[in-house]
Amino acid sequence: YKEPVENICLQGCFLVFSKPYIDKFDTAFDSRTFMYREEELLYLRLKHYHLKSVYCPKVQILHQERSSTKHITANDREKLYQFSRKQQMDSLAIVIKILTGEWCVEDGL
């Protein structure tokens with residue numbers, strides 16, 4: 001986007017939280033996830049509590065994606081892959097349960 005956009009699912013390595021958000025929640029993200037699907041669950045939390053997300057294209061952050069994982073061995077890389085895959089699957093299951101009404105957004109607070 002070239003212009004600011006409100007109430008969308010934010011994605012990225014850098015998110016800024018407002019004071020009202022920090023005052024309302026003890027954690028930035030849903031406590032049931034680790035590393036994956038956090039932005040989607042954050043979006044569902046914001047919608048549930050009628051809070052706003054804002055994308056601001058003027059803010060630019062340089063992020064060296066996977067810079068720390070480039071230096072690991074093949075064995076460690078396989079362990080990381082297995083760990084990442086499990087975390088992705090677990091987090092996606094949480095998103096699905098919330099979207100289907102099986103779990104509530106509040107459960108992850």
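Helix α2 (residues 38-48) contributes the most to the lining of the largest cavity, giving 3 residues. Helices here are DSSP runs of H or I with at least four residues, strands are E runs of at least two, and both are numbered from the N terminus. Keep in mind that this is a predicted model, where local features need pLDDT of at least 70 and side-chain atom pairs count only at pLDDT 80 or more, while totals for chains, interfaces and linings use all residues. Residues are numbered from 1 along each chain as its sequence is written, and side-chain values use heavy atoms, with hydrogens and water left out.

So what is lining that space? A cavity is a set of points on a 1 Å grid over the protein atoms alone where a 1.4 Å probe fits but cannot get out, and lining residues have an atom within 4 Å of a point. The volume comes to about 40 Å³, counted as the space filled by probe spheres set on grid points joined across faces, edges and corners.

Now for the packing. The largest nonpolar core is made up of L41, L44, I94, V95, I98 and V105; such a core is a set of buried Ala, Val, Leu, Ile, Met, Phe, Trp, Tyr and Cys residues joined through side-chain atoms within 4.5 Å, with buried meaning under 20% relative accessible area (1.4 Å probe, protein chains only). Its largest share, 3 residues, comes from α3. Elsewhere, C56 lies between β2 (54-55) and α3.

Conventions:
On a 1 Å grid over the protein atoms alone, a cavity is a set of points where a 1.4 Å probe fits but cannot get out, and a pocket is an open set with protein on both sides within 12 Å along at least five of seven lines; lining residues have an atom within 4 Å of a point. Buried means under 20% relative accessible area, exposed over 50%, partly exposed in between (1.4 Å probe, protein chains only).
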